[in-house]
Amino acid sequence: TSRWVAIHDIQGTQLISPLLGSNVVTEGIVTTRLDDGFFLQASDVERDRDPATSEAVFVFTGKAPADATAIGNRVQVSGRVNERIIGESTDSLTVTQIVASNVRRLSGKQRLPSAIVLNSASWNARSTYSWLERHEAMRVSIPALTVISPVGGNIDPVSGKVSIDGV
């Protein structure tokens, strides 16, 4: 059976979800759609104010998401919590996701959650992966950024989509 769980409780405070393998029901606002799923984030008023937990999660559908998941729609999702490896490197991290068994539109045209603003004061050379975990799947804004080390990734010249493996 599934139980209702807030997104920040699905994410938890560590690299791996404390609910890995559990069946859950949660809800939030669709912020982005991909070819195999969509990102779901809690509204600003639903945030738990714990800086160690992410307020968003990827919902894996395995195919193009249904029309009910238009950006800005509030949806309810049922499914199993999973950790998905992104990238091909042995150093690649996982992304917490819900493997959806059911997605239901609750309402449309909701205000998107505010983006978290990151700047050079937000992290330093001693910051760990777990520091980034608190922003996993969330809307973020980085007004200026200096990259001092390469990462693996791709830029799709047609769509302009960028993907990196974080290594």
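These are legends for a handful of close-up views of a predicted model.

Residue numbers start from 1 along each chain as its sequence is written. Since the model is predicted, local features need pLDDT of at least 70 and side-chain atom pairs count only at pLDDT 80 or more, while totals for chains, interfaces and linings use all residues; side-chain values use heavy atoms, with hydrogens and water left out.

**View 1. The whole chain, before zooming in.** The chain carries 2 helices and 10 strands, where helices (H or I, at least four residues) and strands (E, at least two) are DSSP runs numbered from the N terminus. Reading from the N terminus, the order is β-α-β-β-β-β-β-β-α-β-β-β. A compact globule of 167 residues would have a radius of gyration near 15 Å, and the chain's 16 Å agrees with that; the radius is taken over C-alpha atoms, and the globule rule is 2.2 Å times the number of residues to the power 0.38. Of the 167 residues, 34% count as buried; buried means under 20% relative accessible area, exposed over 50%, and partly exposed in between (1.4 Å probe, protein chains only). Among contacts (heavy atoms within 4.5 Å) with a separation of 6 or more, 63% are between residues 24 or more positions apart.

**View 2. The largest nonpolar core.** A nonpolar core here is a set of buried Ala, Val, Leu, Ile, Met, Phe, Trp, Tyr and Cys residues joined through side-chain atoms within 4.5 Å. The largest one has 14 residues, and Ile 10, Val 24, Phe 38, Leu 40 and Val 77 have the most contacts inside it. Two or more residues each come from helix H1 (7-11), strand S2 (23-34), strand S3 (37-41), strand S4 (56-60) and S5. S5 gives the largest share, 3 residues. Another core, of 5 residues, lies apart from it, with Phe 39, Phe 58, Ala 137 and Met 138 among its members.

View 3. Ile 10 sits in helix H1 and counts as buried because its relative accessibility is 0%. Skipping neighbours within four places in sequence, Ile 10 is in contact with Val 5, Ser 17, Pro 18, Leu 19, Val 24, Thr 26, Val 81, Thr 96 and Ile 98. For scale, the C-alpha atoms of Ile 10 and Gly 153 are separated by 27 Å, at 143 residues apart along the chain.

**View 4. Gln 76 in strand S5.** Is Gln 76 buried or exposed? Gln 76 is buried, because its relative accessible area is 18%. This residue belongs to strand S5 (residues 74-85). Not counting residues up to four places away in sequence, Gln 76 touches Val 25, Thr 26, Glu 27, Asn 102, Val 103, Arg 104 and Leu 106.

**View 5. Phe 60 in strand S4.** Phe 60 is found in strand S4 and is partly exposed, because its relative accessibility is 24%. Beyond neighbours within four places in sequence, Phe 60 is in contact with Asp 36, Gly 37, Arg 84, Gln 97, Ile 98, Val 99 and Ala 100.

**View 6. The second largest pocket.** A pocket, on a 1 Å grid over the protein atoms alone, is an open set of points where a 1.4 Å probe fits, with protein on both sides within 12 Å along at least five of seven lines; lining residues have an atom within 4 Å of a point. This one holds about 170 Å³ of space. Its lining includes Arg 47, Asp 48, Arg 49, Ile 116, Arg 134, His 135 and Met 138. By type, the lining divides into 3 nonpolar, 2 polar and 6 charged residues.

**View 7. Two residues with positive phi.** Most residues other than glycine have a negative phi. Arg 49 has a positive one, near 65°; this residue lies in the loop between S3 and S4 and is exposed, because its relative accessible area is 62%. Ala 137 also has a positive phi, near 70°, and is placed in the loop between helix H2 (129-133) and strand S8 (140-141).

Technical notes: Points joined across faces, edges and corners; volume = space filled by probe spheres on them. Nonpolar A, V, L, I, M, F, W, Y, C, P; charged D, E, K, R; others polar.
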